[in-house]
Amino acid sequence: MPIDIQRIEIDQLACWRIRRGDNELLVAEQGAQVLSYRQGDAPPIIWLSEEAAFQQGQSVRGGVPICWPWFGDLKRNPENVQAAYRGETEAPFHGLVRGLDWQLAQQRCEGDTGILEFSCPQALGALPGWPHRVELKLQIRLDERLHISLTSRNLGDQPVAISQALHSYFAIGDIHQVSVEGLDGCRYIDTLENWQQRQQQGDLRFTGETDRIYLDLPPTLHLRDPQLNRRITLQTRGSRSAILWNPWIDKAQRLSQFADDAWQRMACIETANTMDDRVLLNAGASHTLAVSIGSESI
Ligand SMILES: O=P(O)(O)OC[C@H]1O[C@@H](O)[C@H](O)[C@@H](O)[C@@H]1O
């Protein structure tokens, strides 16, 4: 299986493209953000907005942005995650690293696998308002699936609490037809219903704006897509929570880099450590949050 790894530029962003046979993965150094992933001629698996902007300092809409060292609105995070931020200015949504330049530590092939490794040197004490020293690394591996793993190692001498997510946007045929399998019986927080806690019955179908934090999850979820005749599988490690998100009609109009009708063609399943699944990193401890993404015909 031929593997080709190339550095390319897309507008203002330095990117890496791995080709493995007829599979292609695109990753921006900024935010160590996976931008797109497709297998052969099939529609992409990871969704990238047709209105995506490739500008410095601004997360690209689509792909897999990294939310770290907190997920979402800091004020909605557990106390110890909030306390880790000491900044005077309002804490940015989804943490501090998605618009930063990460460094490519390595690009290599191991047999049939293409590998990129990035590190975020700013997390070692230079993030604004976040005075902790954490070694933060992202490894991306492409074999017949896409494997993304984010490792945080606390190099300080005090514990530090983080929440985080691999904010994955999936490309789908039609939001009205897809379902997410594996959530049955799980607790979730419905952020659109006053953050009330509920319990999932059966598979999830999208019937309106959806913004939920699922808890106590099993390690495998599926996104079933009858229109594209496929089932995307997510296998996670180091995670018991995920955010299921679709902005639907009104919020789509308020989002940056997002076409008014794009909500029909994407759904986010964000592999996470959030709410009571947050991570407390003791001095010297490390934690890896990982997802492997594959697709099969149905
Ligand atoms: O526009 P952003 O900052 O990339 O956030 C997109 C979405 O990210 C999701 O993770 C949140 O649950 C949503 O509430 C949010 O709208």
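The residues around the ligand are G72, F93, H94, H167, D211, I243, W245, L255 and E270.

**Model and confidence**
- This is a predicted model, in which local features need pLDDT of at least 70, side-chain atom pairs count only at pLDDT 80 or more, and totals for chains, interfaces and linings use all residues.
- Residues are numbered from 1 along each chain as its sequence is written.
- The mean pLDDT (the predictor's confidence in each residue, from 0 to 100) is 98 for the protein. In the protein, 100% of residues reach 70 or more.
- The model has an ipTM of 0.98 and a pTM of 0.98.

**The sheet**
- Nine strands (E in DSSP, runs of at least two residues, numbered from the N terminus) form an open sheet. Their order is β6-β7-β8-β9-β23-β19-β18-β13-β16, with antiparallel pairing.
- Two strands pair if DSSP finds at least two bridges between them.
- At the edges are β6 (103–110) and β16 (204–205), and each pairs on one side only.
- Seven bridges join β6 to β7 (residues 113–119) in the antiparallel sense. Q103 has S119 in β7 as its bridge partner.

**The nonpolar core**
- The largest nonpolar core has 87 residues. Such a core is a set of buried Ala, Val, Leu, Ile, Met, Phe, Trp, Tyr and Cys residues joined through C-beta atoms within 7 Å.
- I46, F170, A267 and I269 have the most contacts inside this core.
- I269 touches S168, F170, V180, L221, L223, L234, A242 and L244, leaving out residues up to four places away in sequence. A contact means C-beta atoms, placed from the backbone, within 7 Å.

- P65 sits in the loop between β4 (33–39) and β5 (66–67). P65 is buried because 28 other C-beta atoms lie within 10 Å.
- The cut-offs are 20 or more other C-beta atoms within 10 Å for buried, 12 or fewer for exposed, and in between for partly exposed, with C-beta atoms placed from the backbone.
- Beyond four places in sequence, P65 touches G31, Q33, S59, R98 and H167.
- S149 lies in strand β9 (residues 146–154). S149 counts as partly exposed because it has 18 C-beta neighbours inside 10 Å.
- Beyond four places in sequence, S149 touches Q139, T288 and A290.

Definitions and conventions. Contact = placed C-beta atoms within 7 Å. Helix = DSSP H or I, 4+ residues; strand = E, 2+ residues; numbered from the N terminus. Near = placed C-beta within 6 Å.
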